[in-house]
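Here are a few notes to go with the structure, meant for reading with the model open beside you.

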Amino acid sequence: RNPLLLKVFCKCNEGKKDLIIDSNSLIESIGDYSNSLIENISMYIGCSGSVKKAKHELASVLLEIGGFLWEHNTRQLDYWDDFEKIANTYSLNLVGEGICFQTDMVGGKEKIQFTYDMLAGYHIARYIVSKCSTEKDLQLFFDEKSNYNKLFGNQDELHTLSEDIRKSLYF
């Protein structure tokens, strides 16, 4: 049903034998794809600098984008006001990669979002986990009503990517 997810899954599992295709393997593929994205862009950028530094910075950028989407309860960022500030020198590399982000004009403003909701949910889940280093922290996070409601509340309270965030948190 979803050719983009199939493309990501196939790209990440190319050459592997005896694959089990289930929710867990799909989420793992999204994580593998994200890591591959960071690796490829870092290698490209690292030609003129430190690959290790670029990897760390790109991972931080994706984490911050996930945080922005969570905190603003949205699926997209304003390209110039938000994305450019967060991604900074990596913005063109992230957009130019091809299947990670897509841009669109909405109300006369250029917007950007993860091309695939499951990838957005994965990065939002990573943001949530990064804020909660212990089980107690995670409990406190979900004890906060607004956080709980974004994932488990009524339809009008849910984050627009709640289903994809929950999948990534579960697996």
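This is a predicted model: local features need pLDDT of at least 70, side-chain atom pairs count only at pLDDT 80 or more; totals for chains, interfaces and linings use all residues.

In which helix does His123 lie?

1. **His123.** The answer is helix H6, where His123 lies. His123 counts as buried because its relative accessibility is 1%, and the cut-off for buried is under 20%. Leaving aside residues up to four places away in sequence, His123 touches Ser34, Leu62, Gly66 and Phe114.

2. **The nonpolar core.** Which residues have the most contacts inside the largest nonpolar core? They are Ile65, Phe83, Leu94, Phe101 and Phe114, in a core of 39 residues. Two or more residues each are given to this core by helix H2 (23–46), H3, H4, strand E3 (109–114), helix H6 (117–131) and helix H7 (135–143). H3 provides the largest share, with 8 residues. As background, nonpolar side chains in soluble globular proteins tend to be buried together.

3. **Ile65 and its contacts.** Not counting residues up to four places away in sequence, Ile65 touches Leu77, Phe83, Ile86, Phe101 and Phe114. Phe114 also turns up among the contacts of His123, so do keep that side chain displayed while you look around.

4. **Two asparagines with positive phi.** Most residues other than glycine have a negative phi. Asn73 is not a glycine, but its phi is positive, at about 50°. Asn73 sits in the loop between helix H3 (51–71) and strand E1 (77–78), and it counts as partly exposed because its relative accessibility is 31%. Asn88 likewise has a positive phi of about 50° without being a glycine. The loop that holds Asn88 runs between helix H4 (79–87) and helix H5 (91–96).

5. **A nonpolar patch on the surface.** Which residues form this patch? Tyr148, Phe152, Tyr170 and Phe171 do, and together they have about 460 Å² of accessible area. Tyr170 belongs to helix H9 (residues 162–170). With 56% relative accessibility, Tyr170 counts as exposed, since the cut-off for that class is over 50%.

Technical notes. Residues are numbered from 1 along each chain as its sequence is written. Side-chain values use heavy atoms; hydrogens and water are left out. Patches are made of residues with over 30% relative accessible area and no salt bridge: like charges are joined within 9 Å, nonpolar side chains (Val, Leu, Ile, Met, Phe, Trp, Tyr) within 5 Å. Accessible areas come from the Shrake-Rupley method with a 1.4 Å probe; for residues, only the protein chains shown count as cover. A salt bridge is a side-chain nitrogen of Lys or Arg within 4 Å of a carboxyl oxygen of Asp or Glu. Helices (H or I, at least four residues) and strands (E, at least two) are DSSP runs, numbered from the N terminus. Buried means under 20% relative accessible area, exposed over 50%, partly exposed in between (1.4 Å probe, protein chains only). A nonpolar core is a set of buried Ala, Val, Leu, Ile, Met, Phe, Trp, Tyr and Cys residues joined through side-chain atoms within 4.5 Å. Contact means heavy atoms within 4.5 Å.
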